[in-house]
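Please view the structure before reading on.

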Amino acid sequence: MKPQPQKLPSIASPKASDPASINDLRVRHLRWMILARALDDRMCKLKAQNLVPGSVFTGRGQEAFSAAGGMLLRPGDVFAPLIRDQAGRLAFGETIIDVVRTCMGKRTSSMRGRDGNIHRGNIDLGLLPMISHLGAMVSVVVGMLMARRFQGKLVGNDLCVGMASIGDGGMNAGALHEAVNAAAVEKLPMVLLVANNQVAYSTFNDRTYACKDLVDRAAGYGFNGQSCDGTDAAACLAAIGDAVARARRGEGPQMVVATLLRLAGHGLHDPADYITPELKSRFGDCIQLDSNTLKIQGVLSEQDIERLWEDARTLISAAVEQAQTEPDPDPGQETWNAYAEPDLKKVRT
Amino acid sequence: MTIAYLEAIRLALGESLDEDPRVFLYGQDIAGAFGGAFKVTKGIAERHQDRVLNSPISEDAMAGIAIGAALEGMRPVIEFQFADFATIAFNQFVNHAATIHWRTGRSCPFVARLPVGGTPGGGPFHSQMPESWLSHHPGLVVVAPATVADAYFMLKDAIACLDPVMFCEHKYLYYHLKADFDKTRAEHLPLGAAAIRRGGGDCTIISYSGMVHEALRAAEILSRDHDLDCEVIDLRCLRPLDTETILNSVARTGRVVVATESWPFGGVAAEVLALVSSEGFSHLDAPPRRLCALDTPIPFHPDLFAAHHPDAERIADVVLETMAF
Ligand SMILES: Cc1ncc(C[n+]2csc(CCOP(=O)(O)OP(=O)(O)O)c2C)c(N)n1
C-alpha cells in the first residue's frame, strides 16, 4: 500500500513586531512538544504491554529543539530526522496514526511492517525514512537539493530547505563529514541540527570529540554556525528560525548546535545509570521550563497547559485504538521482492 | 565503425545526457576538459558542463547524493575512480539504496559506474572485482558487460532501470577491446539476459566481464587441439541471474566450468555452482567446476598478477579434466 498523502499544518512565519503572532508560534511550539512527549510516553507503555516489536527510542528532553526544526519547515522542504525527533516529525507533518502503526509493525503503516519504529517516513512528503547508520541521511538530503537545483527549482530568495538531524555522537561519523562538506561545496540551503545531548549511548563527549565546541566545526566546513540552549524553547525557535531564514535567502548551509541533555536512556531498554545526578542537575526539562515561562508571561494558564496535555492524550488514544484493530502483515501475502523491476529479462521498449 | 569498449561507454553517457535532462554525472575528476581518470567523460563533460560535476573524494556522499537525487526524479550516474573505492560507499549501496524499494515502495534509479578488474601493475587496491559482495544484497542490480555492444546497450538500459545498478566496467577492456559497432545493427539483449557467445554441446564455460574473452579463447584452444565443442555463456547480469539460460545450457552439455577473475569464496561462481548442483543435478555428467583468482590479495608484479587469475590455458585444462571425469 502506498503511503497516504496527508495534510501538513500550515505554519505562518511570525512577524517579529507582532507579539500575538510570536505568542501563537510559541504556543504551537509547546503543543508539538507536549504531543511528542505524550506520544513517546504512550509508546513506552505499549512496549510494556508487548504491543510494540523492537526498540522504543524517545526524544525526552529534546522536544524544544526538534519541534522548532520541524515547525519552521514548510511543505516542499525536506526533513531527515533521527531517533530523538518525534517532535520535529509531528511538527513537519507526520501523522500520529502512522507513528503508532509503524511502531506496532502494522500492514497499514507507511513501512507495511517491513520496517518499523523510528525508520518510518514518507518520501512523498519530504520526510525521509532514516536508515540506522548515523550520518547516512545527510548526503541524501544533499542529493535531493542538488536534484532540485538541476530541475531549476532552487532559484530566488525563498528557497526550499533541506534539514537533517545529527547528535554529538553522529557528528563523528565519516559519512556525516563527507555529506556536510559536499553540501558546503554545492552551497545548498541545508540546515544541520546538531543536538548535543552530552552522551552518545553511554559515551560522553570527552570520548567522542576533542574540539572545544561542535559549532566550531561549522567554520571548518564552510557552514554558518550558531548555538542555542536546547532546553530554552524560545532560543531554539530563534536560532533555527534564523538559520532557516538564511538558508531560504540563499546564504548557504547552516549549522545549529543545541546544548541539552537526553532525559531518558538511549532506548527504553537502557536505565542510563551512567548519567549522574550532578549532570542531571545542570539541565532542565524543556517542556516544564517552557510551560512555566508561558504561564509567567501570561500567554497560557495552568488550565490551558493541562488542556494541551489532555488533547494530546486524546488524539493518541484514538490513534492507538484504531491501530490495534488493524491487520498485521501477512507473510503469505508478501511479494518478497526487493526490486522495482523484478523482471530484467523482458525487452525494454 | 570500430570503437573501443571505453568509447562505447562514453557514447552511451553522451547520448543519455543529450536525450534525458534527468541524467547527470557526478564523480572525481570527471568534469571539464580533463574528463576523468580514464577519460571516459572526455568531450561529453565539456558539452554538458552543467550536468557533469566533479565530486570531492567522498564516495559515501557520492552514493548518498545519487540516492537523494534519484528520489527527486533525477537519473544520476556516479563514477568511481576505481571499483576498489566503492567499499567506502558500501553502506549507502547495501543498506540504503538496496532497501528503499522494499521498505517504502519507491524506486531508487541510479547507476554506479565501477571500473573493475586487474591490469598488470594495478596491485591490491586498483584491481578488485566487487560484484560478489554487491550481488549478495537483494535490491541491487549488478551487471558486468564484456563486449563493446554491451558496454553501450547495458549502460543505456542501466540508466533506464528503476533499480540501483552497479555497473562493473572492466578497465582492461577499456582500450584493449575494440569492435565494429553499429548500434542500429548490433545485438541488443535485455539487461537481465545472459548471452551464449559460442554454441557447443560438450561443455558449458560460464563467465562474465573480462574473463569472457579468456573463456572464448579457451573454447578455441579446445576446438583446435582437442576437437571439443564448448558453449560459452557470458552472464552479463549477475544479479538477478539468468538461471534459465544457465540450466538450459547445462542440460545440453552435462558439464560446466565457471571462470571468473574474482575470489572463490562466496562468489558469483559459487552461486552458479550451487544453482547447477541443486537444480541441474540430473543433467550433470561430471562435477561442476570453478576456476577463480587465487585466494590472496591481488599482486602488484605483472608475473605474480598473471599467475593470480585464470587464463585461457588454465580454463582449457579444467575443461579437459571435466571431460575426462
Ligand atoms: C554508524 C553507526 N554506528 C553505530 C550506531 C549505533 N548507535 C545508534 S544511536 C548511537 C548513539 C548516537 O549518539 P548521538 O549521535 O549523540 O545521538 P543520541 O542517541 O545521543 O541522540 C549509536 C552508537 C549507529 N546507529 N550507526
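## A buried glutamate

A residue counts as buried when its relative accessible area is under 20%. The model discussed here is predicted. In it, Glu94(A) has a relative accessibility of 5%, and therefore counts as buried. Glu94(A) sits in a loop of chain A, with helix H3 (86-92) on one side and helix H4 (96-104) on the other.

Which side chains does Glu94(A) join by polar contacts? One is the side chain of Gln86(A), at 3.4 Å. Another is the side chain of Arg120(A), at 2.6 Å.

## Helices H1 and H2

Two packed helices are described by the angle between their axes and by the distance between the axes. In chain A, helix H1 (residues 19-48) packs with helix H2 (residues 63-71) at about 120°, and the axes lie 9 Å apart. Because of this angle, H1(A) is oblique to H2(A). The crossing of H1(A) and H2(A) is right-handed.

On the H1(A) side, the contact is made by Leu25(A), Arg28(A), His29(A), Trp32(A), Met33(A), Ala36(A) and Arg37(A). H2(A) contributes Glu63(A), Ala64(A), Ala67(A), Ala68(A) and Met71(A). By class, the residues of the contact of H1(A) with H2(A) are 8 nonpolar, 1 polar and 3 charged.

## Helices H5 and H6

How are helices H5 and H6 of chain A packed? Helix H5 (residues 136-150) and helix H6 (residues 174-185) of chain A meet at an angle of about 20°, with 7 Å between their axes. Angles under 35 degrees count as roughly parallel, so H5(A) and H6(A) are roughly parallel to each other. The crossing of H5(A) and H6(A) is left-handed.

From H5(A), the residues in contact are Ala136(A), Val138(A), Ser139(A) and Val142(A). From H6(A), they are Ala175(A), Leu176(A), Ala179(A), Val180(A), Ala182(A) and Ala183(A). The contact of H5(A) with H6(A) has 9 nonpolar residues, 1 polar residue and no charged residues.

## A partly exposed cysteine

Cys211(A) belongs to the loop of chain A between strand E5 (203-204) and helix H7 (216-221). Is Cys211(A) buried, exposed or partly exposed? With a relative accessible area of 26%, Cys211(A) is partly exposed.

Along the chain, Cys211(A) and Glu251(A) are 40 residues apart.

Key
Residues numbered from 1 in each chain as written. Chains lettered and ligands numbered in written order. Predicted model: local features only at pLDDT ≥ 70, side-chain atom pairs only at ≥ 80, totals over all residues. Heavy atoms only, no water. Axes fitted to C-alpha atoms, helices over the stretch in contact; angles between N-to-C directions. Helix = DSSP H or I, 4+ residues; strand = E, 2+ residues; numbered from the N terminus. Parallel < 35°, antiparallel > 145°, perpendicular 65-115°, else oblique. Left-handed = near helix turned anticlockwise from the far one by under 90°. Contact = heavy atoms within 4.5 Å. Nonpolar A, V, L, I, M, F, W, Y, C, P; charged D, E, K, R; others polar. Buried < 20%, exposed > 50% of the residue type's maximum accessible area, 1.4 Å probe, protein only. Polar contact = N/O pair within 3.5 Å; in protein donor to acceptor, adjacent residues only side chain to side chain.
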